[in-house]
Amino acid sequence: MVTPSPPAVSSFPLERPSLRRRRREAPVVRPVTPLFYYGRENRLAGYVCDQTVSPLLEIARPLLLVGPPGVGKTALALHLAQRIGIDSVWDQLSDPAAPAESSGSGRSSATAGVTSKVLSSRVLYQPAVDFAREFASSIDSKDMPRMRKNLDDACVWVIDDLHLIADKAPAQEELAARLEARDAAGRITIVTCRRLPSEIRGLRPPLVSRTLPGLTVELRPPEGDARKAILRELILTHLPDAEPDTWALLDGGLPTNVSVRELEAGVKQVAMWCRMNASPVCAEALASAGGPVGEQESVSIKSITSAVARSLGVKSSEMRSGSRRQNIVRARSLAMWLSRQLTDSSLSQIGDAFGGRDHSTVLHAIRKMEAAFDDDADLRRAADQITERFA
């Protein structure tokens with residue numbers, strides 16, 4: 001018997017919980033399209049979202065979603081959190097042993113109001129940086145027990161962008177403890193991160209060991225028919241009057257291996273050019289989208305120097321000068337270390353780019369920089385962010 005092959009592209013509607021949000025917190029970014037399209041490149045993600053909640057409760061503690069920006073990690077995390085939160089409540093309502101408190105009207109509390117509040121009370125969404133901020137605030141106000149109870153009791157907890165707290169060791173230790181407590185209680189935590197936590201410099205071993213034992217799903221930029229389906233959806237939104245085969249022009253004219261958000265940026269740029277010039281989609285319109293859709297800046301010593309200068313607040317010319325001011329030496333050494341890591345340049349070539357320095361001087365700066373990362377969190381974070389940018 002021949003097993004039928006899976007379809008080239010599949011999709012499902014993205015569900016989204018209603019989240020409580022403090023006034024100062026930014027709203028959660030909306031997904032680019034109402035459907036999640038996937039082909040072979042994201043087949044595991046589609047399979048996980050197609051499963052019933054019960055298997056996830058057994059193996060996905062936590063569920064780790066890994067991938068570059070714009071591929072749908074947050075959208076999928078919220079989609080799964082919505083499903084898990086609703087299913088767990090309906091399981092509770094259908095369980096004869098579940099307690100039912102009496103209300104004034106004679107209805108149980110479950111039927112009187114739980115279902116109307118389930119989405120906001122069962123799903124907790126929290127960017128990792130907000131968790132670190134709340135952790136610090138709770139320590140200052142001596143309110144840690146309340147914070148821990150709120151986190152441990154949440155039916156589903158979504159922690160977004162774990163990599164952004166790589167420089168916050170105390171918050172990482174607390175997060176590792178909360179993940180362990182939730183796992184012991186059988187509660188699902190969904191974590192998103194740009195790379196595997198074991199590959200993020202600065203993430204502490206206890207936190208890494210608590211994020212990896214569950215289920216890890218890698219998300220990639222859309223390819224093939226999935227990319228074409230997304231482009232058709234974006235054209236209907238931003239170029240409703242375009243010719244039916246416009247998607248083919250965009251598919252061929254926009255860069256490959258880019259995220260859904262970068263595709264959206266490219267289509268928006270093309271749409272703006274077409275409206276401005278009262279023109280259909282053409283080669284010139286596609287050329288206008290060449291930069292915004294994320295063509296990566298070539299990795300050169302010059303581009304690295306500029307990135308370090310912006311990050312550390314110095315001038316590129318000062319890094320190439322003979323200045324011995326501490327902030328300049330620090331920035332210059334970081335740029336040399338990054339140049340060695342991200343380019344094929346030799347030590348002599350790197351030295352030439354920074355004012356004609358000897359290769360031994362460059363090697364000494366690189367070794368000092370590697371030792372400094374352990375004690376200088378700001379420097380380590382700058383190195384990670386610049387590396388992410390050029391990766």
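Is Cys155 buried or exposed? Cys155 is buried, with a relative accessible area of 10%; buried means under 20% relative accessible area, exposed over 50%, and partly exposed in between, with a 1.4 Å probe and protein chains only. Cys193 is buried too, at 0%. A search of the whole structure finds 0 disulfides, a disulfide being a pair of cysteine sulfur atoms within 2.5 Å.

The model is predicted, so local features need pLDDT of at least 70 and side-chain atom pairs count only at pLDDT 80 or more, while totals for chains, interfaces and linings use all residues. Residues are numbered from 1 along each chain as its sequence is written, and side-chain values use heavy atoms, with hydrogens and water left out.

The chain has 18 helices and 7 strands. These are DSSP runs numbered from the N terminus, helices being H or I of at least four residues and strands E of at least two. Of the 391 residues in the chain, 43% are buried. Among contacts with a separation of 6 or more, 73% are between residues 24 or more positions apart; contact means heavy atoms within 4.5 Å.

An open sheet is formed by 5 strands in the order E4-E5-E6-E3-E7, with parallel pairing. Two strands pair if DSSP finds at least two bridges between them. Strand E4 (123-127) and strand E7 (215-218) stand at the edges with a single partner strand each, so one side of each is left without a neighbour in the sheet. Neighbouring strands of this sheet are turned by 15 degrees against each other on average, direction ignored. Axes are lines fitted to C-alpha atoms, for helices over the stretch in contact, and angles run from 0 to 180 degrees between N-to-C directions.

Within the sheet, strand E5 (residues 156-160) pairs with strand E6 (residues 188-193) in the parallel sense over 4 bridges. Val158 stands opposite Ile190 in E6. Helix H7 (residues 169-184) packs on the sheet and touches E5 and E6, its direction making about 150 degrees with that of E5. Helix H5 (residues 128-140) lies across E4 and E5 and runs at about 90 degrees to E4.

Another strand pair is made by E1 and E2, which run antiparallel and are joined by 4 bridges. Ser10 has Tyr38 as its bridge partner in E2.

Next come the nonpolar cores. A nonpolar core is a set of buried Ala, Val, Leu, Ile, Met, Phe, Trp, Tyr and Cys residues joined through side-chain atoms within 4.5 Å. The largest has 29 residues, and those with the most contacts inside it are Leu56, Leu63, Leu76, Val156 and Ile190. Strand E2 (35-38), helix H1 (43-49), strand E3 (63-66), helix H3 (73-94), E4, E5, E6 and E7 each supply at least two residues of this core. H3 gives the largest share, 7 residues. Leaving aside neighbours within four places in sequence, Leu76 is in contact with Phe12, Leu14, Phe36, Ala45, Cys49, Leu65 and Leu219. A second, separate core of 27 residues includes Val308, Ala309, Leu338 and Ile366.

Helix H15 (residues 326-342) and helix H17 (residues 359-372) pack with their axes 8 Å apart, at an angle of about 95 degrees. That makes H15 roughly perpendicular to H17; angles of 65 to 115 degrees count as roughly perpendicular, under 35 as roughly parallel, over 145 as roughly antiparallel and the rest as oblique. On the H15 side the contact is made by Arg330, Ser333, Leu334, Met336, Trp337, Arg340 and Gln341, and on the H17 side by Val362, Ala365, Ile366, Met369 and Glu370.

Asn42 lies in the loop between E2 and H1 and counts as buried at 3% relative accessibility. Not counting residues up to four places away in sequence, Asn42 touches Glu218, Leu219 and Arg220. Most residues other than glycine have a negative phi. Lys142, in the loop between H5 and helix H6 (144-153), has a positive phi near 55 degrees and counts as exposed at 74% relative accessibility. Ala278, in the loop between helix H11 (260-277) and helix H12 (283-288), has a positive phi of about 50 degrees and counts as exposed at 73%.
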